[in-house]
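This briefing concerns the sequence and model shown below.

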Amino acid sequence: RDGISKMIDDDKVAMRLVRKADEPMAFYAAAIDLAKTWANPQHITHLPIAVDGTCNGLQILSLLGKDEVGAAKTNCTTSTTRSDLYLEVGLAVRLIIEEIILKAESSLELEVAHAWYEVMQDDRLARKVVKRAVMTTAYGVTPEGIREQLVSDRMCDSLSIPASLQTVPVLQARHKLASFMRDWILVARVEVVSEAVRIMDYLRDSAKALAAEGYPLTWVTPDGCEVSQRYVVLKEKHVRTFDNWMRRLRKRTDQLSPAKNAGAAAPNVVHSLDAAMCRMVASRLVDAGIDDMAFVHDSYAVHACFLETLNNIIREVAVEIFQGNWLSDELHQGLLNMIPNDMRLPEPPKQGKLNVKAELPNARYFFS
């Protein structure tokens, strides 16, 4: 308390505390308001108070599939214990590393395990290492993408380079360190994403089959927004410029690209449902007389006095969107109505047994 109280007048104290925070500027704003409140109990705060979803993409896929395991892992149930999926996967990776070290079989994998060992012993760092890979699972991140994320996010920068990699360039060594971590993350996340992957595969295969026949993947969001996904083949053409340089131009064609449409299907559907939920929540807040709001993706913020109303509306909207079988009854049926009768599409996965209407209204940590 003393440190926070001094932050208003002492920049050195402020910098020391801010550097320790996960969200430095959010912490600074909250700390200044808190210090003002301690000094004057009549102080009125205007800070937005945000509630966030838990790995929102996987939340959406778990609710679409009524997946009990995925819903529990992403706080979509009435459980009184808050699940931290990122930490759970981080701890699972830690166990994998420890098992490799215990076997003590001389190999590059053993050397890399030792390099990662100290980092993964810290719960906060273990969570940080795996977070982006788990978060982007619902958006179709590839194994190659996870490796690049680990390198670009500088997760490997502080690691000791194993003896076997001392002779290669540093960047190449870091990619190798990231490759092993990538493989361990893929193993650790299997349980929670297995049902989500089935839905992603269905969307990918449907988009690919449609594009091959010249049809775009098309759907209507729960709030009535029509979406049509059209990724086309680009045709390359070489032209010579006035200064005698040969340039390569890419021109759009009318032909749909099966590969591009397949890869984008799951991310686009998930993002469209995320956006639909945003719009529906915003509209109902306005109907309730609340027009001061700040939304970023799966983060919803209002003033503190409206927080209870926001939480209730978020859960009401989510029940409305996910209590039925939107994937089968709306998206799939809409595709069947668009294509010829003799054309076949993959069948959507069968739903699990999650009772969305019973769980979500009392899911304390669904958005928190």
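In this predicted model, helix α9 buries Ile146, Arg147, Gln149, Leu150 and Val151. The cover over these buried residues includes α8 and α10. Just after α9, arginine 154 adopts a positive phi of about 65°.

**Helix α10**

- Helix α10 runs over residues 170-188 and comprises 19 residues.
- From its first C-alpha to its last, α10 reaches 27 Å, close to the 27 Å expected at 1.5 Å a residue.
- The buried residues of α10 include Ala173, Leu177, Ala178, Phe180, Met181, Trp184, Ile185 and Ala188.
- His175, Ser179 and Arg182 of α10 are also buried.
- Elements covering the buried residues of α10 include α6 (85-103), α7 (108-121) and α8 (123-135).
- Also among the elements that cover α10 are α9 (143-152) and α11 (190-212).

**Overall architecture**

- The protein chain contains 15 helices and 7 strands.
- Its C-alpha trace spans about 70 × 65 × 60 Å along the principal axes.
- Of contacts between residues at least 6 apart in sequence, 68% join residues at least 24 apart.

**Burial, surface and charge**

- Of the 368 residues in the protein chain, 42% count as buried.
- The protein chain exposes about 20300 Å², of which carbon and sulfur atoms supply 52%.

Conventions:
Residues are numbered from 1 along each chain as its sequence is written. This is a predicted model: local features need pLDDT of at least 70, side-chain atom pairs count only at pLDDT 80 or more; totals for chains, interfaces and linings use all residues. Side-chain values use heavy atoms; hydrogens and water are left out. Helices (H or I, at least four residues) and strands (E, at least two) are DSSP runs, numbered from the N terminus. Buried means under 20% relative accessible area, exposed over 50%, partly exposed in between (1.4 Å probe, protein chains only). Contact means heavy atoms within 4.5 Å. Accessible areas come from the Shrake-Rupley method with a 1.4 Å probe; for residues, only the protein chains shown count as cover. The expected span of a helix is 1.5 Å times one less than its number of residues.
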